[in-house]
Amino acid sequence: MINSRTLAETAVILSQKSDAPKHIQAFIEYMNKNNLNGILPQVLDHIKRLSSKTSEEETLHIYSKYDLAKKDIDRIRTATGAHDAHVEQHIDNSVIGGFNATYKGYMYDGSLETQVIRLKTMLTR
Amino acid sequence: MNTETLIKKIETQINNFETNVDVTEYGIVQSIGDGIARVSGLSHCKASEMIEFDNGTMGVALNLEEDTVGIIVLGDYLSIKEGDKAKRTGNILAIPVGDAIVGRVVDPLAHPIDGKGDIAKDVDQLIERVAPGVMTREPVSVPMQTGIKVIDALVPIGRGQRELIIGDRQTGKTALAIDTIINQKGQHMKCVYVAIGQKKSKVMRAVRRLETAGAMEYTTIVLAGASDPSSLQYIAPYSGVAIAEYFLDKGEDVLVVYDDLSKHAAAYREISLLLRRPPGREAYPGDVFYLHSRLLERACRLNADNGGGSITALPVIETQGGDISAYIPTNVISITDGQIFLEAGLFNKGIRPAINVGFSVSRVGGSAQAKAMKKTAGPMKLALAQYRELESFAQFDSDLDAQTKATLDHGAKSVELLKQKQYSPVSMPKQVAAIYALNNKMLDGIQKEKVQAWEQEFYSFLDASKSSLLTDIEKGWTEDIEQNLTSAITEFNDVFTG
């Protein structure tokens, strides 16, 4: 049997199509026809969750010891490919120097600690 | 190199060092429980790839599904929470291995657990490796002496063979494996003992025993105890064979004992059910055969061009009520090159090792048997087969004809001679000498109850005054040796019976 999660994912895909209103209308008719209106609240919850996940992934999170200057943020944008993304800066005392960032499911480690470890590995190899 | 040059070299290296941003794909833990994590977002994750969780615990990606990746957590999963990040490492599961691992007790990730400090690694050995191909192999031709008379004589094992040890609980399966390891002293063989789902106290007893016998000098213990997560129990035999392969690659001979694969299959069943893989017969997943076949296929004897090393595998299977037709026992029987079947009935009768010679078989070991043993063991097999056939008539003792009585008496003495105490392996030449005496009716004047005493004193006699004969037997089997052995037995019997 079709579940609320699949329905939510379908609704999101339909909403991204060029003639979205027509598709959404068809989706609602499908729900009515198959007596699925009872699970609409769960479908809505899933849509909200999917939407927040997408917006979370679309945000460039930067973790550093201090607030970074715009110039540095732009360099990180270039390095991560997040040119137009919304940026959220976080102060993280565990980062001694440099930065850590996350964007679209990838972690970018430009911290001083990792660089020193890499240098150590190179010298002791 | 002087200090200045050294400093310059280091400076150059530092100047050439390029700072880069490390890019790693990560996912979010959707659910965690019973050692299984479901992580979304790892769209490029590879099968069997190591995944690192926020708390530093490692996991292995087993199920690559449409939306999530099913990961078995190799360690503490209680501190992993929903919403935590899980990073890809890009590496397939591997363990650090080196020469220093010999003599150590390690967990399935090769971390030392014997309190003797770190183990220096030489290489990272992949836990899953494709078994050697056909062209790199050679037929089994070199014997692996277990020191156990009944095995070496009737179900011989060759280097590179896979011989299953199967039997109910408390029938001496582990004892047989430990005895075999002990007997490898001085035989240029490395040993790996993999304990899966066993009580740690039992394993520690085995370790102490091996230490006392000086066998830890060439043995590594891989321990995934009963209290360890099923994920660790699942990878333990693969870690064991990965350690063995490190030595195989160096052209050495290795013996691996998997004790036991029934618990391994049960651990894999648990993981598979938690990963929601469809259950099959006895709730095992569909690939439970492949689970063991890919492990045991890694046992091999390589040809000289590929180093000439070997991995001999002794998997252990525990049966329930002597039922060898259950799912896992039949699977492993069909994978291996023979089996040693231990019977609770024989054990309770005092016949130890409690090997049922009728059900035990070695498919390739015969060609690896030493010439002297091959010549002497043949008649014994026949005598035991005849004895088994007539055994049920033994209760009508008074009504039997003389020939039947003689066959029964000879068979009973054969059984008596094959009895052996634990931790007391016997060298091949001594085994040959004793069996030769039995075959040639030279024990006819000795009562059945005195056979074991005869045997022990005979060995002492050989050690004391016929050591050159033992050396000759080790080298081959000629008429001269046979004659010398006959006269030695006669000489000893005169003293023993006189």
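This is a predicted model: local features need pLDDT of at least 70, side-chain atom pairs count only at pLDDT 80 or more; totals for chains, interfaces and linings use all residues.
Local features were taken at pLDDT of at least 70 and side-chain atom pairs at pLDDT 80 or more, whereas totals for chains, interfaces and linings use all residues. Residues are numbered from 1 along each chain as its sequence is written, chains are lettered from A in the order in which they are written, and side-chain values rest on heavy atoms, with hydrogens and water left out.

The interface comes first. The size of an interface is often given as the accessible area lost when the parts come together. Here, chain A and chain B bury about 1700 Å² between them, and carbon and sulfur atoms give 61% of that (buried area being the accessible area, with a 1.4 Å probe, that two parts lose on being put together, summed over both). Three residues, A:Y106, A:M107 and A:R118, supply 34% of the area that chain A buries against chain B, more than any other three. Counting contacts (heavy atoms within 4.5 Å), 18 residues of chain A meet 18 residues of chain B.

Polar contacts between the two chains come to seven residue pairs, both residues being at pLDDT 80 or more. A polar contact is a pair of N or O atoms within 3.5 Å; within protein, one must be able to donate a hydrogen and the other to accept it, and residues adjacent in sequence count only if both atoms are side-chain atoms. On the chain A side, the elements giving two or more residues are α1, β3 (98–103), β4 (106–111) and α5 (112–124). Helices (H or I, at least four residues) and strands (E, at least two) are DSSP runs, numbered from the N terminus. The largest share of this side, six residues, comes from α5(A). Sorted by class, the side of chain A that touches chain B has eight nonpolar, five polar and five charged residues (nonpolar being Ala, Val, Leu, Ile, Met, Phe, Trp, Tyr, Cys and Pro, charged being Asp, Glu, Lys and Arg, and polar the others, Gly among them).

β4(A) is joined by four bridges to β1 (residues 22–33) of chain B, and the two run antiparallel; strands pair if DSSP finds at least two bridges between them. In this pairing, A:Y106 stands opposite B:E25 in β1(B).

Side chains of opposite charge can pair when their charged atoms come close. Over all chains, the search finds 35 salt bridges (a side-chain nitrogen of Lys or Arg within 4 Å of a carboxyl oxygen of Asp or Glu), and one of them crosses the interface of chain A and chain B. That bridge links A:R5 and B:D67 at 3.6 Å, N to O. A:R5 sits in helix α1 (residues 4–15) of chain A and B:D67 in the loop between β4 (58–64) and β5 (68–74) of chain B, so the pair joins two chains. A:R5 is partly exposed at 40% relative accessibility, and B:D67 is partly exposed too, with 40% (buried is under 20% relative accessible area, exposed over 50%, partly exposed in between, with a 1.4 Å probe and protein chains only).

Within chain B, B:E138 and B:R301 form a salt bridge at 3.8 Å, N to O. B:E138 is in the loop between β9 (123–126) and α2 (149–154) and B:R301 in strand β14 (residues 300–301), so this pair ties together parts 163 residues apart in sequence. B:E138 is partly exposed at 33%, while B:R301 is buried at 12%. B:R129, B:E245, B:D249 and B:R298 are linked in a network of salt bridges.
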